[in-house]
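Please keep the sequence and the structure in view while reading.

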Amino acid sequence: FCRRFQPLSTQSTFTPELEKFTNLFLDEVKGVPHATDPAASSKILRQLCKTELLKFTDMRNNPQKFFLAHRLLSTIGLGGFGIRFTVQFNLFAGSLVGLAGEEQLKMLDDIQKEGKLGCFLLTEMQAGVLSGLIVETTVDWDTKNEEFVLNTPSDKAAKNWISQGFVADCGVIIANLRIDGKSYGPHAFYMDLRDDNKNLLPGIRIEDMGVKTIANDLDNARVWFDNVRLPRNALLNKFADIDENNQYVQVTNERMRIEVIGQRLLTGRIAIAEAALFSARVLHMKTEEYANHKICNGLTGETSLSTMPQLKHVLKTSYAKIDKMIAFTAAVENDLNECLLNDRIPDEELVEKIAVCKIKCIEVAIECAHALQLEVGSYALMHDTGFELFDMLLCCKFAEGDSRILLLKIARDEM
């Protein structure tokens, strides 16, 4: 199905290069549906990184390819690997691309060649998707030793639901930077989590979040830090740094603020919106294929399930809704790609459009998938039909900013 269905949003620009990438990428991830535990799933991602089919820097240099990879993954099943993939390429590597200085960026090549896995340590126990972005994790500048000291001041500040956090070798952590007792707000830092033997480094404690209703091929972790020492160059210094006089300095005219750190949430929202839509569309295509061959009794005798008026109506209505949102999201992605290519932070209007994509696309995907589920009987209860991944659409609803919180943000901004 994923090879047959060329994404509507890229038909006009689906170059031979992208077609070749599509075939190679799908071949590389063909084992994903069978990788049902974190060890197997993370092994596939490590190997995928090493191939360099998609480079960590493609978010900036070739964003169309970056988003295409996310869509392709969603067509083979909206499962835990898709989250693992976007954590690696968007949240972790993307944060380095967006926030690291030129010297720091060089580490990306080694990380990719070695197949190291990273995570994004932002969300905290008492500041989840329903309560907004609050960062209580602290990192203090030790002037004497010229090092940073990272701490989790209380359990409520433990990093929470960190996808890929249980197997990650390294990570980008968001913590409140303090110098001589003065807070400079949240900043991003690169840190190693494990040594060469895959053992946790001193002062780091990690707990598995446990079994979930879906996506147990993805590990989710809760993480604490106790006086973890980070070197001077751990601070991602594209926008701010500590100078030779141990003073905090702005490096560019763009002021370090949460909107700068949060750029990966914007790319993530588009990736999630597109993943939900394309997953829902492939679900409809797969179900339609089944219905074409499922024989049942009609008023005039034997017929296929796909000729039944109620199913025909659902398919026609769903395709129209999904394709409309695919077209809208494609246009928004195109605008975002221009910003990524030109290293420009999106303006308020584009930020709002991205939020609309995140909210409306997932709403449409859930609505259409549920309507289809009601019309195909026991088929919707069977494994490997796509319906078993329905809970992943719920995950999409609250990932990268809960949709209801985004609605409130839009309303607040408009007021």
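The text below treats salt bridges, then a surface patch, and then a hairpin.

**Salt bridges**

The model is predicted. Side chains of opposite charge can pair when their charged atoms come close. In this structure there are 24 salt bridges, and three of them are listed here.

| Salt bridge | Distance, N to O |
|---|---|
| Arg178 and Asp140 | 2.9 Å |
| Glu146 and Arg232 | 3.3 Å |
| Arg281 and Asp323 | 2.6 Å |

Arg178 and Asp140 form a salt bridge through their side chains. Arg178 belongs to strand β5 (residues 170-179) and Asp140 to strand β2 (residues 138-142), so the pair ties together parts that are 38 residues apart in sequence. Arg178 has a relative accessible area of 29% and is therefore partly exposed. Asp140 is also partly exposed, because its relative accessible area is 23%.

A salt bridge also joins the side chains of Glu146 and Arg232. This pair links distant parts of the chain, 86 residues apart: Glu146 is in the loop between β2 and β3 (147-151), while Arg232 is in the loop between β9 (228-231) and β10 (240-242). Glu146 counts as partly exposed because its relative accessibility is 36%. For Arg232 the value is 25%, so this residue counts as partly exposed too.

Between two helices, the side chains of Arg281 and Asp323 meet in a salt bridge. Arg281 lies in helix α9 (residues 263-293) and Asp323 in helix α10, and the two residues are 42 apart in the chain. Is Arg281 buried or exposed? Its relative accessible area is 12%; buried means under 20%, so Arg281 is buried.

Salt bridges may also be linked to one another: Arg46, Asp169 and Lys198 belong to a network of them.

**A patch of negative charge**

Which residues gather in a patch of negative charge on the surface? They are Asp335, Glu338, Asp347 and Glu348. One of them, Glu338, is part of helix α10 (residues 309-341). With a relative accessibility of 39%, Glu338 is counted as partly exposed.

**A hairpin of two strands**

Strand β12 (residues 295-298) pairs with strand β13 (residues 301-304) in the antiparallel sense, over four bridges. Together β12 and β13 make a hairpin, and two residues lie between them. Within this pairing, Cys296 stands opposite Thr303 in β13. In a regular strand the side chains alternate between the two faces of the sheet.

How values were computed:
Residues numbered from 1 in each chain as written. Predicted model: local features only at pLDDT ≥ 70, side-chain atom pairs only at ≥ 80, totals over all residues. Heavy atoms only, no water. Patch = residues over 30% accessible without salt bridge, like charges linked within 9 Å, V, L, I, M, F, W, Y side chains within 5 Å. Areas by Shrake-Rupley, 256 points an atom, 1.4 Å probe, with all protein chains shown as cover. Salt bridge = Lys/Arg side-chain N within 4 Å of Asp/Glu carboxyl O. Lys, Arg positive; Asp, Glu negative; His and termini not counted. Charge placed at Lys NZ, Arg CZ, Asp CG, Glu CD. Buried < 20%, exposed > 50% of the residue type's maximum accessible area, 1.4 Å probe, protein only. Pairing = 2+ DSSP bridges.
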